[in-house]
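User: Hey, I've just opened this one and I'm new to it. Can you walk me through it?

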Amino acid sequence: MTAALRVVVVDDEPAVARLHTRFVAAYEGCEVVAVAGTGPEAIATVQELEPDLVLLDLHLPGCSGLDVLRAVRAGRGRQPEFIAVTAARDFDSVRAARLAGVRHYLVKPFSAGDLYARVDDVVREAAASRAAGSALDQDDIDSLIGGAPAGSALPKGLSVETLDAVRLALAAGPWSSASDVAAAVGISRVTSRRYLEHLAHTGVAARRLDYATAGRPSTLYAVR
């Protein structure tokens, strides 16, 4: 039998921590091994227990979730995956979390399904690492890194910097329209749609139609 994914839940609001714990407990193959409510407690708990996954709020007493992330990443112990679960949706917070090493970024409130889609990704990687052993081929590496294959070119007129900004804005606000992303990044709606369609075409983002708007339905996008 495959060992369960060991999870630490970090949130300073007890009711939210209990909710996230229930979400994790309902996911087959996961178990919550600890709950932490402050930044220093989170650092000590993760370093002691060395879990596979941490659900990390960014706003914590004592020190921030980003401080927790950086402290764990700087340590010599086993490195878990981190999913940021936070109300912070500003560009700087999302970018700082990505650079510090989060696997995914979920904005509160979110559904169990939203969380499970991200946990699925962590579970798939764990299974792939067990199957592949120490030697990875290029497809395995691309999957782990989460980027496009080396040498792949963007369509004419698209830049890497703007694509990164669009992807970060989308991570901060899942199921956003081209107008939403345009406002967050500071580009035109037409330009935003071009980048979003590229992300959807390459499998980085998913699309769905929103029929709640007046007139023709609008297209919404979310990072897979």
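User: Which element gives the largest share of the lining of the largest cavity?
Analyst: That's α5, with three residues. Before we go on, this is a predicted model: local features need pLDDT of at least 70, side-chain atom pairs count only at pLDDT 80 or more, and totals for chains, interfaces and linings use all residues. Residues are numbered from 1 along each chain as its sequence is written, and side-chain values use heavy atoms, with hydrogens and water left out. Helices (H or I, at least four residues) and strands (E, at least two) are DSSP runs, numbered from the N terminus.

User: What counts as a cavity?
Analyst: On a 1 Å grid over the protein atoms alone, it's a set of points where a 1.4 Å probe fits but cannot get out; lining residues have an atom within 4 Å of a point.

User: OK, how many cavities of 30 Å³ or more are there?
Analyst: One. The largest cavity holds about 30 Å³, a volume being the space filled by probe spheres set on the points, which are joined across faces, edges and corners.

User: Which residues line the largest cavity?
Analyst: Val7, Phe23, Val24, Tyr27, Cys30, Leu53, Leu115, Tyr116 and Val119. Two or more lining residues come from each of α1 (14-25) and α5 (112-132).

User: Switching topic: what's the strand order in the open sheet?
Analyst: The five strands go β2-β1-β3-β4-β5, with parallel pairing; two strands pair if DSSP finds at least two bridges between them. At the edges sit β2 (30-36) and β5 (104-107), each pairing on one side only.

User: And how many bridges join β4 to β5?
Analyst: Four, with β4 covering residues 81-86. Ala84 stands opposite Tyr105 in β5.

User: Which strands does α1 touch?
Analyst: α1 packs on the sheet against β1 (5-10), β2, β3 (53-56) and β4, where contact means heavy atoms within 4.5 Å.

User: How many salt bridges are there?
Analyst: Seven, each a side-chain nitrogen of Lys or Arg within 4 Å of a carboxyl oxygen of Asp or Glu. One of them joins Asp57 and Lys108, with the closest N and O atoms 3.5 Å apart.

User: Why does that pair tie together parts that are 51 residues apart in sequence?
Analyst: Because Asp57 lies in the loop between β3 and α3 (65-74), while Lys108 is in the loop between β5 and α5.

User: What's the peptide bond from Lys108 to Pro109 like, cis or trans?
Analyst: It's cis, with omega near -10°. Most peptide bonds are trans.

Conventions: On a 1 Å grid over the protein atoms alone, a cavity is a set of points where a 1.4 Å probe fits but cannot get out, and a pocket is an open set with protein on both sides within 12 Å along at least five of seven lines; lining residues have an atom within 4 Å of a point. Axes are lines fitted to C-alpha atoms, for helices over the stretch in contact, and angles run from 0 to 180 degrees between N-to-C directions.
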